Amino acid sequence: MATDFKIGKATRLAYGETLVELGKRNPNIIVLDADLSKSTMANRFQAAFPDRFFNIGIAEANMVSIAAGLAASGKIPFASSFATFLMSKGFDQMRQSVAYPGLNVKLCGSHSGISIGEDGPSQMGIEDVALACALPGFTVVVPADEIAMRQLLPQIAEHKGPVYIRTSRPKAAIIYDERTTITLGKAHIMRQGTDITIAAMGLMVAEALKAADLLQKEGVSARVVDFHTVKPIDQVMAEQCARETEAILVVEEHLLDGGLGSILARAVAKSFPVKMDFIGLEDYAESGTPDQLLDRYGLRARHIFLKANNLLGS
Amino acid sequence: MTELTHLKLIANTIRQDIVQMIAKAKSGHPGGSLSAVEMITALYFGGILKHDPQNTGWEDRDRFILSKGHAAPVLYAALAEAGYIEKKLLNSLRQLGSPLQGHPDKRKLSVLEASTGSLGQGISIGIGMALAAKMDRKPWQVFALIGDGESDEGQIWESAFFAGHHQLDNLNVILDFNGFQLDDSTKHILDLNPIKEKWLAAKWHVIEIDGHDMRAALYALNEAKVHRGSPSIIIAHTVKGKGISFMENNNKFHGSAPNEEELQQALAELQLQRTKLEKEN
């Protein structure tokens with residue numbers, strides 16, 4: 001089957017490893033972490049470049065403003081923590097120290113969504129994309145697998161301006177081919193289809209591809225698109241999918257309010273309105289294994305399959 | 001004219017500019033701007049801050065961050081006095097289209113080192129700059145001015161612990177301890193004392209002065225700048241609304257503008273102080 005994916009590295013590990021490669025090429029890259037570097041994988045950079053790594057301590061607000069000061073002095077800081085701590089505790093600093101003056105700060109939130117598992121809701125970043133997208137000038141990127149991370153992170157480092165990068169805890173299915181070109185700001189068609197578009201980000205892209213297989217068996221041709229750049233949204237792709245398929249189903253491991261679904265809905269509404277539906281989270285989850293949680297909270301291929309059928313039948 | 005008298009006259013001019021621009025704007029924060037006048041004057045005009053108004057992008061300039069952004073008028077007045085901006089621009093404070101925003105905005109006024117207004121972030125931004133200077137082995141230093149009310153913010157203490165731990169001796173903070181925040185006295189809202197001990201415990205070099213004593217301000221800023229092995233903080237004990245009798249320790253003028261009558265009285269008082277300074281000389 002097309003969706004018999006090999007399990008690769010977690011996107012957080014690909015983040016840490018790619019940072020090391022970027023660090024070799026650019027001495028201005030500085031990495032900061034708030035005492036979670038063994039989890040965000042920023043410690044890979046620390047091991048390679050100890051003089052360009054700062055562990056700020058458990059002080060996310062301080063970290064974000066320090067990153068702003070570094071950027072104002074010509075450095076390219078990458079600051080990481082868990083998505084929820086970084087965005088929630090560093091938000092005012094992202095707003096005033098980073099977004100308002102438009103500084104070149106890169107922020108990475110790991111442990112996004114519910115797939116972190118047993119640690120439970122206090123550690124799950126499920127509002128992070130909404131918060132990041134609310135900041136003027138921010139680019140928001142959610143790489144779906146290690147290959148996407150390896151391709152997108154160098155572009156993020158080259159991009160002048162603030163960027164939020166979202167990573168996941170579990171190992172991610174490899175859904176891209178090494179030879180594919182993935183471009184920051186351009187959504188990627190993973191699989192062509194004519195009846196419905198399934199738009200997704202992060203780990204949900206693999207689930208969407210599996211759902212497309214299930215739909216195929218029922219004679220439904222589903223297009224799957226990876227909207228890895230949530231902001232600025234690929235308006236051209238949004239309109240193209242709306243024109244070329246009958247409906248659009250958005251799937252995200254994030255709260256429905258303010259996430260990919262609401263952003264894509266705006267893009268579709270203003271260009272070529274079609275039927276849409278949305279799969280995502282509506283409340284805080286609970287502890288459990290990642291698999292149990294994805295089952296329990298409706299983020300599996302079979303849930304996508306059912307919703308897609310309903311949407312087309314409605 | 002002595003150097004001290006020269007600086008005191010500049011301070012007097014800055015005070016006049018502060019009350020005039022806030023009166024013209026019909027809004028703003030005179031109290032916390034007036035309390036910081038001597039420290040800002042000593043910093044910018046006393047040979048402490050290495051800067052060049054003719055070369056604003058000079059990489060080796062010292063950086064100054066006004067962390068308590070609501071005191072923007074004192075900074076704008078100093079920038080005008082130094083020649084970064086034209087004096088007449090001060091009349092546009094807070095008006096639509098003006099680079100002189102209600103709180104400092106680096107995008108609108110590029111000579112600013114940071115955008116501030118949400119309290120607590122200035123030292124942290126300064127830490128980022130100080131780390132960059134250290135990594136590049138550059139001699140420039142960072143100065144930041146914070147308030148005592150602002151010190152309620154948790155981020156102030158996050159940054160204090162970090163800079164102390166990392167011995168960032170190219171970072172210098174001025175604490176404008178004027179005793180008031182918006183709602184009431186800082187002693188009443190959230191007593192910060194013993195303040196010196198808090199900064200000592202955070203491993204900072206602490207200097208405590210009368211923040212309106214120009215000679216003490218110069219000595220303290222110089223001491224902070226040459227001190228090695230730890231960041232320095234100058235606890236400047238000041239009077240909110242300093243220099244204008246009816247504004248001193250009167251928290252009505254934390255965030256409201258003088259009316260025309262009050263402005264004329266303030267200017268008359270400042271002119272008297274100026275005449276006295278010139279006679280003494």
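Biologist: At what angle do helix α1 and helix α3 of chain B pack?

Modeller: Bear in mind that this is a predicted model. The two helices are α1(B), residues 3–25, and α3(B), residues 37–45, and their axes lie 9 Å apart. The angle at which they pack is about 125°.

Biologist: Is that roughly parallel, roughly antiparallel, roughly perpendicular or oblique?

Modeller: Roughly perpendicular stops at 115 degrees and roughly antiparallel needs over 145. The angle here is about 125°. That makes the placing of α1(B) relative to α3(B) oblique.

Biologist: And is the crossing left-handed or right-handed?

Modeller: What counts is which way the near helix is turned from the far one, with clockwise giving right-handed. For α1(B) passing α3(B), the crossing is right-handed.

Biologist: How many nonpolar residues are there in that contact?

Modeller: From α1(B) come L7(B), I10(B), A11(B), I14(B) and R15(B), while α3(B) brings V37(B), E38(B), T41(B), A42(B) and F45(B). Of the residues in this contact, 2 are charged and 1 is polar. The nonpolar ones number 7.

Biologist: Let's move to S185(B). Is it buried, exposed or partly exposed?

Modeller: S185(B) sits in the loop between β3 (171–177) and α7 (186–189) of chain B. Being buried takes 20 or more other C-beta atoms within 10 Å, and exposed means 12 or fewer. S185(B) has 16, so it is partly exposed.

Biologist: Which residues does S185(B) contact, leaving aside neighbours within four places in sequence?

Modeller: N251(B) is 66 residues away in sequence and 8.4 Å away in space, C-alpha to C-alpha. The contacts of S185(B) are G179(B) and F180(B).

Biologist: Now the contact between the chains: which helix supplies the largest share of chain A's side?

Modeller: The contact takes 23 residues from chain A and 20 from chain B. On the chain A side, α4 (60–72) and α6 (91–99) each supply at least two residues. The largest share is 9 residues, and it comes from α4(A).

Biologist: How many residues on that side of chain A are charged?

Modeller: The side of chain A that touches chain B has 11 nonpolar residues and 10 polar ones. The charged count is 2.

Biologist: Last one: what is the radius of gyration of chain A?

Modeller: Chain A has 13 helices and 14 strands. The globule rule gives 20 Å for 314 residues, and chain A comes close to that, so it is as compact as a globular protein of that length. Its radius of gyration is 19 Å.

How values were computed: Residues numbered from 1 in each chain as written. Chains lettered and ligands numbered in written order. Predicted model: local features only at pLDDT ≥ 70, side-chain atom pairs only at ≥ 80, totals over all residues. Helix = DSSP H or I, 4+ residues; strand = E, 2+ residues; numbered from the N terminus. Rg over C-alpha atoms; globule rule 2.2 N^0.38 Å. Axes fitted to C-alpha atoms, helices over the stretch in contact; angles between N-to-C directions. Parallel < 35°, antiparallel > 145°, perpendicular 65-115°, else oblique. Contact = placed C-beta atoms within 7 Å. Nonpolar A, V, L, I, M, F, W, Y, C, P; charged D, E, K, R; others polar.
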